[in-house]
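The exercises below are meant to be worked with the sequence and the model side by side. Try each task before reading its solution.

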Amino acid sequence: MSIGKVSLVGVGPGDPELLTRKADRVLREADVVYHPGRDHNSGFAIRIVRSLLPPRTELRAAAVEMSEAGDRYEKLAAELAAEALAGRRVAFITEGDPLVYSTASRLLAILKTTWPNVPVEIVPGVSSLTAAAAAAGQSLVQAEETLVVIPACHHVEDLERLIEQHDRVALVKVGSVFSQIISLLKRRVCVNRAVFLEKVGTAEERVLTDVESVDPQTISYFSIVLIDRKNP
């Protein structure tokens, strides 16, 4: 029996039209598609691609969180590996890109270490960073400029220093510390150079240049703040 393959597939930020041609092909060819949802009716990634999958595709929900401890990642990696060793083509989908703040990164590390004989393919996807810049209609980074991507909730104490060191800033995971972010931007006189974006590429997309008008209580996990410190 020939060995199958595990594909870690980025399905983009939300708009099915941003799915790459390779991702589309890999998912149509897959025997089993795992998605990081709690059941087959929930999960952002599966909503992006559900209509594209053939009726024969077997779906499996695999709820895992980036901050999750324990052995759930190890068990999921072992299940993916077992499917591939049985000759099946198995895909694990993730919104955005599989190597940018993604659960797929942890699975990749486990598969490479524990199951080195299992072929693993990484299919890049459009990340929220590039999709957000496109929605905002502004350059993300160019020429000699520097760009820093900061998971804001993990670097509250360092935000001011990090922002001051770079021309362009992308703040992700902003919900729990949004009020602090606004206070910092006002203090550094760059609040008018920030753009708030949420659920880019979906029907619920929000793009707001008046970041002070955003109610912190309404912010979802899929939010980002872009800051252009270099240009007025």
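This is a predicted model: local features need pLDDT of at least 70, side-chain atom pairs count only at pLDDT 80 or more; totals for chains, interfaces and linings use all residues.

**Exercise 1.** Determine in which order the five strands of the open sheet are arranged, and which strands stand at its edges.

Solution. The five strands form an open sheet in the order 6-7-10-8-9, with mixed pairing; two strands pair if DSSP finds at least two bridges between them, and strands (E, at least two residues) and helices (H or I, at least four residues) are DSSP runs numbered from the N terminus. Strand 6 (147-151) and strand 9 (206-208) stand at the edges with a single partner strand each, so one side of each is left without a neighbour in the sheet. On average, and with direction ignored, neighbouring strands of this sheet are turned by 15° against each other, where axes are lines fitted to C-alpha atoms, for helices over the stretch in contact, and angles run from 0 to 180 degrees between N-to-C directions.

Local features need pLDDT of at least 70 and side-chain atom pairs count only at pLDDT 80 or more, while totals for chains, interfaces and linings use all residues, and side-chain values use heavy atoms, with hydrogens and water left out.

**Exercise 2.** Describe how strand 6 is joined to strand 7, and find the bridge partner of P151.

Solution. Strand 6 and strand 7 run parallel and are joined by five bridges. The partner of P151 in strand 7 is V172.

**Exercise 3.** Decide whether E145 is buried or exposed, and find the side chain with which E145 makes a polar contact.

Solution. E145 lies in the loop between helix 5 and strand 6. Its relative accessibility is 12%, so E145 counts as buried (buried means under 20% relative accessible area, exposed over 50%, partly exposed in between, with a 1.4 Å probe and protein chains only). The side chain of E145 is joined to that of R168 by a polar contact of 3.1 Å, that is, a pair of N or O atoms within 3.5 Å, of which, within protein, one must be able to donate a hydrogen and the other to accept it, with residues adjacent in sequence counting only if both atoms are side-chain atoms.

**Exercise 4.** List the buried residues of helix 7 (residues 178-187) and state what they pack against.

Solution. The buried residues are F178, I181, I182, L184 and L185. Seen down the axis of helix 7, these residues fall within an arc of 165°, so they line one face of the helix; the arc is that of the directions from the helix axis to the C-beta atoms. They pack against helix 6 (159-164), strand 7 (168-172), strand 8 (194-198) and strand 10 (223-228), contact meaning heavy atoms within 4.5 Å.

Methods: Residues are numbered from 1 along each chain as its sequence is written.
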